[in-house]
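Here is a short briefing to read alongside the model. It starts with charged side chains and then moves on to the sheet and the core.

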Amino acid sequence: MTQQSSYHSPVLLEESIDGLAIHPSGVYVDVTYGGGGHSREILSRLGEDGKLFAFDQDLDALENVIDEGNDYSELYALVNKNVKAIVCLGTDNSKIVEAFGSCVDNMVE
């Protein structure tokens, strides 16, 4: 599958991703996956130890698979949930739960 044409072309793609100063083994989150344009660029800059978590609650976003001949399956996960599903992996989440627990439906403690 490839990116659907119904999504817009990423605005300021190079500038925005350059501004992230991607580290090849870094962990990144795309909270508005949509057509996958920014995620695709982030993945192209990650090494084998890097990770990308992409979120989009719209089912049609799942159709925008990033393949282009590269196997990114070990580097990224596309999560079909609202960005509210984010949990800070490997850290103490008690302050997040305390701050947002009353307004988020599914909070992981």
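R45 forms a salt bridge with E14, with 3.0 Å between the closest N and O atoms; a salt bridge here is a side-chain nitrogen of Lys or Arg within 4 Å of a carboxyl oxygen of Asp or Glu. Because R45 lies in helix α2 and E14 in helix α1 (residues 13-20), the pair ties together parts that are 31 residues apart in sequence. Helices (H or I, at least four residues) and strands (E, at least two) are DSSP runs, numbered from the N terminus.

This is a predicted model, in which local features need pLDDT of at least 70 and side-chain atom pairs count only at pLDDT 80 or more, while totals for chains, interfaces and linings use all residues. Residues are numbered from 1 along each chain as its sequence is written, and side-chain values use heavy atoms, leaving out hydrogens and water.

**Salt bridges**

- By the rule above, the count comes to three salt bridges, and they link E14, D18, E41 and R45 in a network.
- D18 also meets R45, at 2.7 Å from N to O; this pair joins helix α1 to helix α2 across 27 residues.
- E41 pairs with R45 at 2.9 Å between the closest N and O atoms, and the two are about one helical turn apart because they are four residues apart in helix α2.
- E41 is buried, with a relative accessible area of 16%, whereas R45 is partly exposed at 25% (buried means under 20% relative accessible area, exposed over 50%, partly exposed in between, with a 1.4 Å probe and protein chains only).
- E14 at 39% and D18 at 45% relative accessibility are partly exposed too.

**The sheet**

- An open sheet of three strands has the order β1-β2-β3, with parallel pairing; two strands pair if DSSP finds at least two bridges between them.
- The edge strands are β1 and β3 (76-79), each pairing on one side only.
- Four bridges join β1 to β2 (residues 51-55), where V27 stands opposite K51 and Y28 opposite L52.

**The core**

- The largest nonpolar core has 14 residues, of which I42, L43, L46, L52 and Y76 touch the most other members; such a core is a set of buried Ala, Val, Leu, Ile, Met, Phe, Trp, Tyr and Cys residues joined through side-chain atoms within 4.5 Å.
- Helix α2 and strand β2 each supply at least two residues of this core.
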